[in-house]
Every structure is written in C-alpha cells, then in structure tokens.
Amino acid sequence: MADKSKADKKEKAFRVLDILIPVVCIGVFVFSGFNLFKIYRSYAEADAIYSGLALMANEKAEVSEEEVAVAMEQAGFPYLNVDHEGLLEINPDYKGWLYFPLLELSYPVVYGDEAQSYLNKTFDGTPSKSGAIYIDAWSNPDLKDMTTLIYGHNMRNGSMFGCLKRIRNEEGLIDQDPYFYYYTPTMAYKCHVFVYYLENANGMTYKYPTDNRTYDEYMDYILSKNEYAAGPDSVDIAHRPRILSLSTCSGFHSGKRTVIHAAIEDSYKIGDNLIVEESFGEAIP
C-alpha cells in the first residue's frame, strides 16, 4: 500500500508539472512578447518623429536656392535644403544635420550640456529609448576641437546609428562612398572616413587631444586599432586635420563601441562659396 501511495503522489506531481510547465512557458512568452512590443512601439514612435523631421532636409532646392545648390555641388558637397531656423524653433539645442549617403543616414544633431541629456529622449523632447543623435557634452558643439564625438543608439531596426555596424560587417562597403557630411546654418563639412574599429567603452578614443603632441598620440592610438586597411592612405593626416567621430554601442559585445573616424577634408562657407582651411598646427616632419 505504501508503494501505491508513493506512486499516486508521483503521478499527481507529474500531472501538476504537466500543467505548470506550459503555463510558465506561456507566461514567459507573453512577458517577452510584451517587452518586444514596447521596444518596437518605441522604435515606431521615434521613426515617425524623425520621418517628419527628415522633410526639413532634402536634396530638392527651391528656385531661390538653385544658385547655392549648384555652387555647393561644384565644390563637392551634396546640397541639402535644411530648414535650420525651423529646427531651432523646435529645439534650441539643434546644432547641425548629419548626412551619410552610403548608409541613407540623415538626422538632426543636438548638443546638451549634460553627458546623457539626449540618451533617452528624441529631438523634440519625447521620452524614448531611441534617443537622439547628439554631440558629446565634452566636445565643442561648433566643431572647434581637434576631435569631436557624435553619439547615437545602435537601433535593432537599423535606424539612428544602427546602420554603422554595416561598415564593419560588410567588407568593401565603405569603399563605395567613404564620405559623410555635416551641415550647420553657415558651414558644410565634408568628412572622409579613414578608420573604424571596435573600442572599449572607456578607451582612449574618448579622450580629447588638446595640442599637437596629444593629437599625434591620439592618431597613433586610433591607427593601431584600425580595421580599415586602405583607409589611412586615403586621407592626408600630415597636417593634422580635424576629426569627426561617430560612436555607438555594439549589441553583440558588452561594453564595446563601434567607432568610425573621419577627417574633415573640406569645409564650405555657405553663401560665400568659400572652401575653408581645416588644418591644425604645422605639417608633421
């Protein structure tokens, strides 16, 4: 009788497990699905906001702007008819427009006076995990430093800086068009990508050079990390060009960042049709 009682208890236990395990699995599935729904809803909301803002920067010029457009194209800069005034009305922290044709990346850039001001809010201030594309709080927002860092989230749907990983993952992609552009109300910057790599979150990439010596040390460091074999030979770094860097987290590597460095090859003063010198110091011996 004792053996039968034990057998009955085991049978009941297995029956309970037969019911409990599917219930737990369903619960986990529902919970995970709900979290995914929240993430992608956040993505959709951010995409809607930035799609609307994208209408404020396009390649079609009004008749009154045709002269400017032609002059910029002749100087080697894609013309974007950016409504800088309108963007400043929406957000006084607006600083410029980042355009990377190869990746179809086109976003307004902001600058907050705190390190994570725009980590979890969009350009117009809407709370969102998508955040905004923003200049590091320690950088000069007018690109006056030797190096300037711009951050953006690595979005799963490829929006924001989610497309930057393609440069590391797709061999030869960057060779098709290694330039991105940055537009302010008065200036346009042509940026030539020459270095990319995976960096630690606290690596030297995020230290700022302040003179020729520390600039050269910084350059030696990023070249030692570089994964773009043909990149360094494609730009003139002998005259210490200003560097504009794009950084985003790397989803598959905890604590790692995907970093892309570009030399500001040319600057264009809008309206005056002038190419502006961008070097620092004297030529490296």
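I take accessible areas from the Shrake-Rupley method with a 1.4 Å probe, and for residues only the protein chains shown count as cover. On that basis I looked up the protein chain and found that it exposes about 15,400 Å², with carbon and sulfur atoms supplying 54% of this area.

Before going further I note that this is a predicted model, in which local features need pLDDT of at least 70 and side-chain atom pairs count only at pLDDT 80 or more, while totals for chains, interfaces and linings use all residues. Residues are numbered from 1 along each chain as its sequence is written, and side-chain values use heavy atoms, with hydrogens and water left out.

**Entry: the chain.** I read the secondary structure as five helices and nine strands, taking helices (H or I, at least four residues) and strands (E, at least two) as DSSP runs numbered from the N terminus. Along the sequence the pattern is α-α-α-β-β-β-β-α-β-β-α-β-β-β. Of the 285 residues, 43% count as buried, meaning under 20% relative accessible area with a 1.4 Å probe and protein chains only.

**Entry: S5 and its neighbours.** I then turned to strand S5 (residues 179-183), where five of the five residues are buried, so S5 is largely enclosed by the rest of the structure. Both of its faces are covered, with Tyr179, Tyr181 and Tyr183 buried on one side and Phe180 and Tyr182 buried on the other. I count two strands as paired if DSSP finds at least two bridges between them. Strand S1 (residues 94-100) runs antiparallel to S5 and is joined to it by three bridges, and Tyr99 stands opposite Tyr181. Tyr181 also has a bridge partner in S6, namely Lys190.

**Entry: S6.** S5 and S6 pair in the antiparallel sense over five bridges, and a hairpin of three residues joins them. Strand S6 (residues 187-200) has 13 of its 14 residues buried, so it too is largely enclosed by the rest of the structure. With strand S8 (residues 256-269), S6 forms an antiparallel pairing over 13 bridges. I followed Tyr189 of S6 in both directions: Tyr182 stands opposite Tyr189, and Tyr189 stands opposite Ser267 in S8.

**Entry: the second largest pocket.** A pocket here is an open set of points on a 1 Å grid over the protein atoms alone, where a 1.4 Å probe fits, with protein on both sides within 12 Å along at least five of seven lines; lining residues have an atom within 4 Å of a point. I found 17 lining residues, of which Gln116, Leu119, Tyr134, Tyr151 and Arg257 lie nearest the centre. Strand S7 (residues 243-249) gives the most to this lining, with three residues.

Key:
Buried means under 20% relative accessible area, exposed over 50%, partly exposed in between (1.4 Å probe, protein chains only).
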